[in-house]
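Please look over the fold below before reading on. The report covers domains, helix packing and the ligand shell.

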Amino acid sequence: MTDDGTEAETDPQDAIDAASAERERGRDPRVYEHTAGDVQEGIPFVGAGPGDPGLLTVTGKELVETADLVVHAGSLVNSELLERYCADAETVSSVGKDLEELIPLMRDAYEAGRHVVRLHSGDPAVYGAALEQMDALEQEGVPTYIVPGVTSAFAASATLRTQLTLNGTANHVAFTRPQGKTLDPEDDHISDFVEMGDVTTCIYLGTHAIPDVMDRLLDDGHDPETPVTVVYHASWPDEDIIEGTISTIGEKVEEVGYRASALVIIGDAGAGTGYERSYLYGDWANRGSETQEADD
Ligand SMILES: C[S@@+](CC[C@H](N)C(=O)[O-])C[C@H]1O[C@@H](n2cnc3c(N)ncnc32)[C@H](O)[C@@H]1O
């Protein structure tokens, strides 16, 4: 229940279960009526991007500029972005608020005719816990939709002036997180991704656990010289880059003391080394518009 006594009419877990069951029966018709980027009826779940206000999408910026209430992801959303684009809105941090508090907060504001924006860090689809909020709101009759953003792995690769996929080095990208309070050890697949060899492993939510993760990789017999790059606060004014390997990065990160807000990239692509020219600007470039889908 919120401070002013309002509460969600439906238990959030019941709303999630109902929405899952509905999706098993078929897609929501709105999936076919809109494209990503359309401004739709309801509360937009906007990706704020990694931090730099310039990395908010044009649509996201227009939505927050006209919002009356912006519920944002606390310190992961740069306060400069809030000051620049949400000066006229009431801003509320979602940190420390459970669904039972968040849902009535957004529902009541929406039903009172206010423009409400839910502002997530990066992209809401990556470790954003957006869908459960959307399902709970929808269950209470409040339409919702997603406006994508730049996830922090993309900001980190841009900072590092590299790609996450590179011909001959990395054909795959894994967005992952380490075991901990919300992930059981048997569901931690970081070692499996590293074992595959041609995967760029991007670890979210693992800054505090970097030494542990690296110890486990060493225990599993991975090459201690495998490159690991940690990008703290990618795109923020205090952005920092720590370069190392599986055997050295843990100590380096401990020395600087970062415990949160960093992206860990394991693999040669993060270092931009050892790749080969692509087919796109080689043989394929001379084949005209054949059936193979071109890479950008
Ligand atoms: C709750 S998750 C949210 C991820 C977010 N939805 C995204 O797409 O980037 C928070 C984690 O994202 C990563 N992260 C978020 N912003 C970052 C940034 N600017 N630089 C590096 N890592 C960031 C960190 O690993 C942090 O622990």
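The sections below go from the domains to the helix pairs and then to the ligand.

## Basis

This is a predicted model: local features need pLDDT of at least 70, side-chain atom pairs count only at pLDDT 80 or more, and totals for chains, interfaces and linings use all residues. Residue numbers start from 1 along each chain as its sequence is written.

## Domains

The protein splits into domain 1 (12-149) and domain 2 (153-271). These bounds come from an automatic or database domain assignment. The C-alpha centres of domain 1 and domain 2 are 28 Å apart. Eight residues from domain 1 and ten residues from domain 2 make the contact. Two residues are in contact if their C-beta atoms, placed from the backbone, lie within 7 Å.

The side of domain 1 that touches domain 2 has five nonpolar, two polar and one charged residues. Here Ala, Val, Leu, Ile, Met, Phe, Trp, Tyr, Cys and Pro count as nonpolar, Asp, Glu, Lys and Arg as charged, and the others, Gly among them, as polar.

Helices (H or I, at least four residues) and strands (E, at least two) are DSSP runs, numbered from the N terminus. Axes are lines fitted to C-alpha atoms, for helices over the stretch in contact, and angles run from 0 to 180 degrees between N-to-C directions.

Helix α5 (residues 99-111) and helix α6 (residues 130-139) have axes that come within 10 Å and cross at roughly 55 degrees. Therefore α5 is oblique to α6 (angles under 35 degrees count as roughly parallel, over 145 as roughly antiparallel, 65 to 115 as roughly perpendicular and the rest as oblique). From α5 come L99, L102, I103, M106 and R107; they meet E132, Q133, A136 and L137 in α6. This contact of α5 with α6 has six nonpolar, one polar and two charged residues.

Helix α1 (residues 12-25) also packs on α6, at an angle of about 90 degrees with the axes 8 Å apart. So α1 is roughly perpendicular to α6. P12, A15, I16, A18 and A19 of α1 touch E132, D135, A136, E138 and Q139 of α6. The contact of α1 with α6 divides into six nonpolar, one polar and three charged residues.

## Helices α9 and α10

Helix α9 (residues 210-219) and helix α10 (residues 249-256) cross at roughly 170 degrees, and their axes come within 8 Å. That makes α9 roughly antiparallel to α10. I210, P211 and M214 of α9 meet I249, G250, V253 and E254 of α10. Five nonpolar, one polar and one charged residues form the contact of α9 with α10.

## Ligand shell

Which residues are closest to the ligand? They are G122, T151, S152, A234 and L263, within a surrounding set of 26 residues. A residue is near a molecule or strand if its C-beta atom, placed from the backbone, lies within 6 Å of it. The elements giving two or more residues to this shell are α7 (152-159) and β10 (262-266). The most comes from α7, with three residues.

The shell around the ligand holds 14 nonpolar, eleven polar and one charged residues. Domain 1 and domain 2 each give at least three residues to the shell.
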